[in-house]
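Thanks for coming. I will go through the helix packing and then the pocket.

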Amino acid sequence: MSAAELDRAVTLLVRQVGHWEQPRWSAAAAGGNVSRADLVHKLVQEIANLAADAEGEPRREVPRLPSDLALPDQLRVVTADLLAAGAREPVLAGAAAAVARTRSAL
């Protein structure tokens, strides 16, 4: 069930932000002092770290691409990596919760 929850949470977040242009990405996230893009990139890195842990591989820094418009795609890729790594249910549930928290903060 957690894999489905994670997939749904990511789909909802991508639908929310997938059409944004740069000014919306640059705006401050709700209740914070970081941009929306910084917040989503932090989420991408967190999920990439979970995938690396599940694969038994070293953690690697996810590059910050020149355009924030690529963030939804980066999120999809690292989520697919996490699911392909066969992460356990609690890890997937935690990732889904992180996605939901990020979505609420946007």
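Helices here are DSSP runs of H or I with at least four residues, and strands are runs of E with at least two, numbered from the N terminus. The model is predicted, so to speak of provenance first: local features need pLDDT of at least 70, side-chain atom pairs count only at pLDDT 80 or more, and totals for chains, interfaces and linings use all residues. Residues are numbered from 1 along each chain as its sequence is written, and side-chain values use heavy atoms, leaving out hydrogens and water.Now the helix pairs. Two packed helices are described by the angle between their axes and the distance between the axes. Axes are lines fitted to C-alpha atoms, for helices over the stretch in contact, and angles run from 0 to 180 degrees between N-to-C directions.

Take α1, residues 2-17, and α5, residues 89-105: they pack at about 20 degrees with axes 8 Å apart. That makes α1 roughly parallel to α5, a term for angles under 35 degrees, while over 145 is roughly antiparallel, 65 to 115 roughly perpendicular and the rest oblique. α1 passes α5 in a left-handed crossing, meaning that the near helix is turned anticlockwise from the far one by less than a right angle. Contact means heavy atoms within 4.5 Å. On the α1 side the contact includes Leu-6, Val-10 and Leu-13, and on the α5 side Leu-92, Ala-96 and Val-99 are among the residues. By class, this contact has 11 nonpolar, 2 polar and 3 charged residues. Nonpolar covers Ala, Val, Leu, Ile, Met, Phe, Trp, Tyr, Cys and Pro, charged covers Asp, Glu, Lys and Arg, and the others, Gly among them, are polar.

Next, α3 and α4. Their axes come within 8 Å and cross at roughly 20 degrees, and α3 and α4 are therefore roughly parallel to each other. The crossing is left-handed. Among the contact residues are Val-44, Ile-47 and Ala-48 of α3 and Leu-75, Val-78 and Asp-81 of α4. This contact has 12 nonpolar, 3 polar and 2 charged residues.

How do α3 and α5 run, parallel or antiparallel? Their axes come within 10 Å and cross at roughly 175 degrees, which makes α3 roughly antiparallel to α5. The contact includes Leu-43 and Ile-47 of α3, with Ala-95 and Val-99 of α5.

Last, the pocket. On a 1 Å grid over the protein atoms alone, a pocket is an open set of points where a 1.4 Å probe fits, with protein on both sides within 12 Å along at least five of seven lines, and lining residues have an atom within 4 Å of a point. The largest pocket holds about 240 Å³ of space. It has 14 lining residues, and those closest to its centre are Ala-48, Arg-60, Val-62, Val-78 and Asp-81. Which helix gives the most to the lining of the largest pocket? α3 does, with 4 residues. The lining of the largest pocket divides into 7 nonpolar, 1 polar and 6 charged residues.

Key. Points joined across faces, edges and corners; volume = space filled by probe spheres on them.
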